[in-house]
Amino acid sequence: MRIETGTKRQPTRQAILSLLKQSSGLTADQLAHTLGLTTMAVRKHLAALERDGLVETTMIRRRVGRPARLYRLSAQADTLFPTQYAGIARDILTDLAAIDGSAKVELLLARRADRMRAALATALGNTPSFAERVQLLAEQLDEFGYLARCEVLPDGTYRLIQHHCPLRHVAEAFPAACRFELEAYRDVLGAEIERCCYLLDGDGCCAYTIRPRTPAGTGAHHD
């Protein structure tokens, strides 16, 4: 099993993480014996993993000798191991649609978008500057895992770019998820927003052109 990481991790550290995942805690001596390394070498790797927040330690008493450090994975380390959450979520929603109709699925997706809308509204607060609000929206979406950023276009409009979509597997089966998210962005910014790039259409990202809403509230919306 290869541990999923955003950056390449040393094979020895991957092996340490894998061993700790399969145990209730191991000492440096135990890890060194299993890996065929010196205890000192293993401790250097453990120190680096602890600095990264992936490993936690507790002291344990032994019948003979000094207390030893017991190393365990942190909760953060769980994100390094393969998951099937997106596929499971899509399968559950597909089954729900088959049992109870697609309207029920859209209701659930709309409720999720409502929670996102509330979180984004809190993040933006009462910030009066439109430019700052767009920036705060991008920063919050980045925290949500969208790898988002914003830029100012030559005509003075803004572009919100999302390089990743945590909901992609769900959205492939239920595109309404994308529509509800777009509506949430429009609501929290009070802006005209048009999608200009779309991951589900084969583009390399999702991107939105953003401009302040006209005083009369006119302007067509395009999904």
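This is a predicted model: local features need pLDDT of at least 70, side-chain atom pairs count only at pLDDT 80 or more; totals for chains, interfaces and linings use all residues.
In α4, the buried residues include G87, L93 and A97. Seen down the helix axis, the buried residues of α4 fall within an arc of 130°, so they line one face. On the other side of α4, Y85, I92 and I99 are exposed.

Staying with α4: the helix runs over residues 85-100, which is 16 residues. From first C-alpha to last, α4 reaches 22 Å, close to the 22 Å expected at 1.5 Å a residue. What covers its buried residues? The cover includes α5, residues 102-124, and α7, residues 168-173. Just after α4 comes G101, with a positive phi of about 95°.

Next, the cysteines. C197 is partly exposed, with a relative accessible area of 26%.

Now a loop residue, T157. Where is T157? In the loop between β3, residues 148-152, and β4, residues 158-162. T157 counts as buried, at 9% relative accessibility. Its side chain makes a polar contact of 2.6 Å with the side chain of D155. Leaving out residues up to four places away in sequence, T157 touches E151, V152, T209, I210 and R211.

Last, the salt bridges. A search of the whole structure finds 10. One of them pairs D187 with R117, with the closest N and O atoms 2.9 Å apart. This pair links distant parts of the chain: D187 is in helix α8, R117 is in helix α5, and they are 70 residues apart. D187 is partly exposed, at 49% relative accessibility.

R168 and E172 also form a salt bridge, at 3.5 Å from N to O. Both lie in α7, four residues apart, about one turn of the helix. R168 is partly exposed at 34%, and E172 is partly exposed at 44%.

The side chains of R213 and E192 meet at 3.9 Å, N to O. R213 lies in the segment after β6 and E192 in strand β5, so this pair ties together parts 21 residues apart in sequence. R213 is partly exposed, at 34% relative accessibility, whereas E192 is buried, at 7%. Finally, salt bridges that share partners join R90, R168 and E172 into one network.

Methods:
Residues are numbered from 1 along each chain as its sequence is written. Side-chain values use heavy atoms; hydrogens and water are left out. Helices (H or I, at least four residues) and strands (E, at least two) are DSSP runs, numbered from the N terminus. The expected span of a helix is 1.5 Å times one less than its number of residues. Buried means under 20% relative accessible area, exposed over 50%, partly exposed in between (1.4 Å probe, protein chains only). The arc is that of the directions from the helix axis to the C-beta atoms. Contact means heavy atoms within 4.5 Å. A polar contact is a pair of N or O atoms within 3.5 Å; within protein, one must be able to donate a hydrogen and the other to accept it, and residues adjacent in sequence count only if both atoms are side-chain atoms. A salt bridge is a side-chain nitrogen of Lys or Arg within 4 Å of a carboxyl oxygen of Asp or Glu.
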